[in-house]
Amino acid sequence: MVKKKSKAVSKETPATLTYEDRLAWFHEARFGLFIHWGLYSLLERGEWAMFQERIPRDDYAKLADRFRPKHFNPHAWAEMARDAGMKYAVLTTRHHDGFCLFDSQVSEFTAPKTAAKRDLVAEYVEAFRKAGLKVGFYYSLLDWRFPGYFMPTKYKKSAADMVAQFHAQVRELMTNYGHIDVLWYDGGWIAHGAYAKDIAAFWKSAEVNAMARELQPHIVINNRSGIDEDLDTPEQHVTASQAGRGWESCMTIGDSCGWGYIRNNPNMKTVTQLLQHLVTAAAGEGNFLLNVGPRPDGTIRKGERKRLAAMGEWLKVNGEAIYGSQRCSLHGGMIGMWTRKGNTGYLHVLRWPGKEAVVPLVKTAVKSARLLATGDRLQVRQEHNGRLVIGGLPKSPPDPHIAVIKVKFDGPPESLDERDKAAWIEAQAE
């Protein structure tokens, strides 16, 4: 039985928390779990099936009579995320089809009021909090069941009703489930981008976001309601925002077209590919939000679980190079990329060079270098034009995915500015 929900109570106010305060845990986390789950999982063709196949509203609604996730175990989900080295999760409380996994008083189209008879969001929150993970809510502003979404000028009342529902349900989510860490909007475009009106004005986003911050002063809000807020959210690619700006790359394990469960999804990324995306995010001081799409019964396919478990094993060894990472100005040359913590740099070797690794344009003096996985001390020398030569490496890569070399510098590592771009040809100093 789901415990009675508690109202969000905080002694903090939006005025007492700075941008840096709100994002402190987020910048430490670096890796999170995205979960797309809802009625669409029954169709096994992804979360956009209702619109892509033009399934009439009443026909689609019948799926709720079949949605009884008998094997839904959010504690197993949380354990999977924790073992993967993830620090937080974001669940689709409601996607574009309008079906709520939570108990809403402004909609009958919810899990508690249909066959599931359960507040699945409440169970998710309880389980992930118990596992020590931060909790996030995905919420889609749009709802395909409203004609006003597609033609807001023709169906003005429908559009207004949809906006009112959005505000009411965000209030419910921010009030009824205790401390929530992330509010992850999606679907802010109107008529799938065909309507040119200012989306923030259409959705009254400033108003609803101010309300969310009053209820949850610490909340981290993304940029998909027409207002920049706290986080940029590149999708299916890893592209860093400017320094000081919070950002998070969200990505599927399988094909980019499907976030919800797709039964036949052959293009699963390898563990190595996924770890490279994670490293790339960490190198840009951003996070990697990796998605799974559970089956209708609440279970997660073996292929996804195995990949997450392998990433967790890698992070057990190399996590200090990821969590709380800072940007590093050093070049990785042909072999990889850097993350940093203070005076320590971490060279993530994506393409193992053999017994010697050479990194160009290193200005700062190097004190020592070791293989992070083993602690084995390596040979270092610094040559003309900032060439850092790291020797004593094993001939074959010590890690099947990404090996990390930990380098201690005499100060924050900085790149060399080549004043004479051709000096290196004659082995001359810069």
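1. Strand β11 (residues 356-359) is joined to β14 by four bridges, and these two strands run antiparallel. Here helices (H or I, at least four residues) and strands (E, at least two) are DSSP runs, numbered from the N terminus. Two strands pair if DSSP finds at least two bridges between them. Within this pairing, V358 stands opposite V389 in β14.

2. This is a predicted model, in which local features need pLDDT of at least 70 and side-chain atom pairs count only at pLDDT 80 or more, while totals for chains, interfaces and linings use all residues. Residues are numbered from 1 along each chain as its sequence is written, and side-chain values use heavy atoms, with hydrogens and water left out.

3. Strand β14 (residues 388-391) also has a link to strand β13 (residues 379-382), with four bridges and an antiparallel run. Q382 has L388 as its bridge partner in β14. The hairpin of β13 and β14 has five residues between the strands, and in it N385 takes a positive phi near 55°. From β14, L388 and I390 point one way and V389 and G391 the other way, and all are buried. Buried means under 20% relative accessible area, exposed over 50%, and partly exposed in between (1.4 Å probe, protein chains only).

4. An open sheet of eight strands has the order β5-β4-β3-β2-β1-β8-β7-β6, and its pairing is parallel. At its edges stand β5 (220-221) and β6 (231-232), each with a single partner strand, so one side of each is left without a neighbour in the sheet. Strand β2 (residues 88-94) and strand β3 (residues 134-140) run parallel and are joined by six bridges. The partner of V90 in β3 is G136.

5. Which residues of β1 point one way, and which the other? F31, L33 and I35 point one way, G32 and F34 the other way, and all are buried. Because five of the five residues of β1 are buried, this strand is largely enclosed by the rest of the structure. β1 is joined to β8 by five bridges, in parallel, and L33 has L290 as its bridge partner in β8. β1 also pairs with β2 in the parallel sense, over four bridges, with G32 opposite Y88 in β2.

6. Helix α7 (residues 156-175) lies across β2, β3 and β4 (182-186) and runs at about 170° to β3. Helix α10 (residues 271-283) lies across β1 (31-35), β7 (246-252) and β8 (287-292), at about 150° to β8. Axes are lines fitted to C-alpha atoms, for helices over the stretch in contact, and angles run from 0 to 180 degrees between N-to-C directions. Contact means heavy atoms within 4.5 Å.

7. N291 lies in strand β8. N291 counts as buried because its relative accessibility is 2%. Leaving aside neighbours within four places in sequence, N291 is in contact with F34, I35, H36, M251, T252, I253, W259 and E304. N291 and C250 are 41 residues apart in sequence, and their C-alpha atoms are 7.3 Å apart in space.

8. A further open sheet, of four strands, has the order β9-β10-β15-β12 with antiparallel pairing. Its edges are β9 (336-341) and β12 (366-371), each with a single partner strand, so one side of each is left without a neighbour in the sheet. From one strand to the next the twist averages 25°. β9 pairs with strand β10 (residues 344-349) in the antiparallel sense over six bridges, and W338 has L347 as its bridge partner in β10. Helix α10 lies across β9 and β10 as well, running at about 50° to β9.

9. How many cavities of 30 Å³ or more does the structure hold? The structure holds two. On a 1 Å grid over the protein atoms alone, a cavity is a set of points where a 1.4 Å probe fits but cannot get out, and lining residues have an atom within 4 Å of a point. Grid points are joined across faces, edges and corners, and a volume is the space filled by probe spheres set on the points.

10. The largest cavity has a volume of about 100 Å³. Its lining has 16 residues, of which G254, G258, W259, N265 and E304 lie nearest its centre. The second largest cavity holds about 30 Å³ of space. Among the residues that line the second largest cavity are W37, Y40, R94, H95 and D97.

Key: On a 1 Å grid over the protein atoms alone, a cavity is a set of points where a 1.4 Å probe fits but cannot get out, and a pocket is an open set with protein on both sides within 12 Å along at least five of seven lines; lining residues have an atom within 4 Å of a point.
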